[in-house]
Amino acid sequence: VTALRPRLASFLGLDARDPGVLREGARLGAAYLSGGALSPELIAPCVAMHLRSADEAAARAVVDRALGSDDALVRGALLAALGESPLPVLQSVVLPLTLDPRVRVNEVMIPLRAALAHAEVRGEVFTWFTAHADEVLGRVGEGGRAGAPWLAARLCTAEDRARAEAFFTPRAAAIAGSEGQLRGALEAIDVCVAERAAQRATVTP
């Protein structure tokens, strides 16, 4: 139950946008940020639902709460939740966190991965990443740089696949092991594109 609950909450509230789940999740997330109790596994999805319509002030409050905590699990959950913020807030507050020295090296990719999982804005988020890639990847070790192509794995259009391949191919060639990571990421995009085409009729009103 503990493992399934956050996945179900995320799917119903953030993907399916069930009004009741989204409303209750946002309420729980706001209450937690105000000092209320919340099961640890629900922090990320509920705060994410709270941030779905957030302004910069709300997002900055979550950033301060995350970076002010010494609990690695809380920090990670809050940094991940920030990825569900609206695009203008992602661009002004969330994505720059990858360059913030207060963010630990092992946390650098958390808000970026979470934002790339946000279906409505992932293309724009990938554009931001490509513009700041040298700075972002300069903050992680060689292993992080080798695995960077997986950031593109949540993209789901032929156009974005082409962008990812063109962007990562020369970089992957310069890092041992990265070319295999790129092949895996491009295959994940191909699968998503194929599934989307095959299933569109069953999920489009």
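**Pocket, helix packing and selected residues**

G147 sits in the loop that links α9 (142–146) and α10. The structure described here is a predicted model. G147 has a relative accessible area of 23%, so this residue counts as partly exposed. Partly exposed residues fall between the buried limit, under 20%, and the exposed limit, over 50%.

The relative accessibility of A158 is 53%, so A158 counts as exposed. The cut-off for exposed is over 50%. A158 and R171 are 13 residues apart along the chain. Their C-alpha atoms are separated by 20 Å.

Helix α10 packs with α8. The angle between α8 and α10 is about 15°. Their axes lie 11 Å apart. Angles under 35 degrees count as roughly parallel. The two helices, α8 and α10, are therefore roughly parallel to each other. The crossing of α8 and α10 is left-handed.

Helix α4 covers residues 56–67 and packs with α5 at an angle of about 160°. The axes of α4 and α5 are 8 Å apart. An angle over 145 degrees counts as roughly antiparallel. Helices α4 and α5 are therefore roughly antiparallel to each other. Their crossing is left-handed.

R17 was examined for its backbone and its surroundings. R17 lies in the loop between α1 and α2 (19–33). Its phi is near 55°. This is a positive value in a residue other than glycine. Most residues other than glycine have a negative phi. R17 has a relative accessible area of 43%, so R17 is partly exposed. M49 is 32 residues apart from R17 along the chain. The C-alpha atoms of R17 and M49 are separated by 9.5 Å.

The largest pocket has a volume of about 930 Å³. Its lining is made up of 29 residues. D15, A117, A119, R122 and R154 lie nearest the centre of this pocket. Several helices contribute to the lining. Each of α1 (4–15), α3 (43–51), α5 (72–81), α8 (122–137) and α11 (178–203) supplies at least two residues. Helix α1 gives the largest share, with five residues. By residue class, the lining of the largest pocket holds 14 nonpolar residues, four polar residues and eleven charged residues.

Two of the packed helices described above return at the largest pocket. Helix α8, roughly parallel to α10, supplies at least two residues of the lining. Helix α5, roughly antiparallel to α4, also supplies at least two.

Methods. Residues numbered from 1 in each chain as written. Predicted model: local features only at pLDDT ≥ 70, side-chain atom pairs only at ≥ 80, totals over all residues. Heavy atoms only, no water. 1 Å grid on protein atoms, 1.4 Å probe; cavity = no way out; pocket = protein on both sides within 12 Å on 5 of 7 lines; lining within 4 Å. Points joined across faces, edges and corners; volume = space filled by probe spheres on them. Helix = DSSP H or I, 4+ residues; strand = E, 2+ residues; numbered from the N terminus. Nonpolar A, V, L, I, M, F, W, Y, C, P; charged D, E, K, R; others polar. Buried < 20%, exposed > 50% of the residue type's maximum accessible area, 1.4 Å probe, protein only. Axes fitted to C-alpha atoms, helices over the stretch in contact; angles between N-to-C directions. Parallel < 35°, antiparallel > 145°, perpendicular 65-115°, else oblique. Left-handed = near helix turned anticlockwise from the far one by under 90°.
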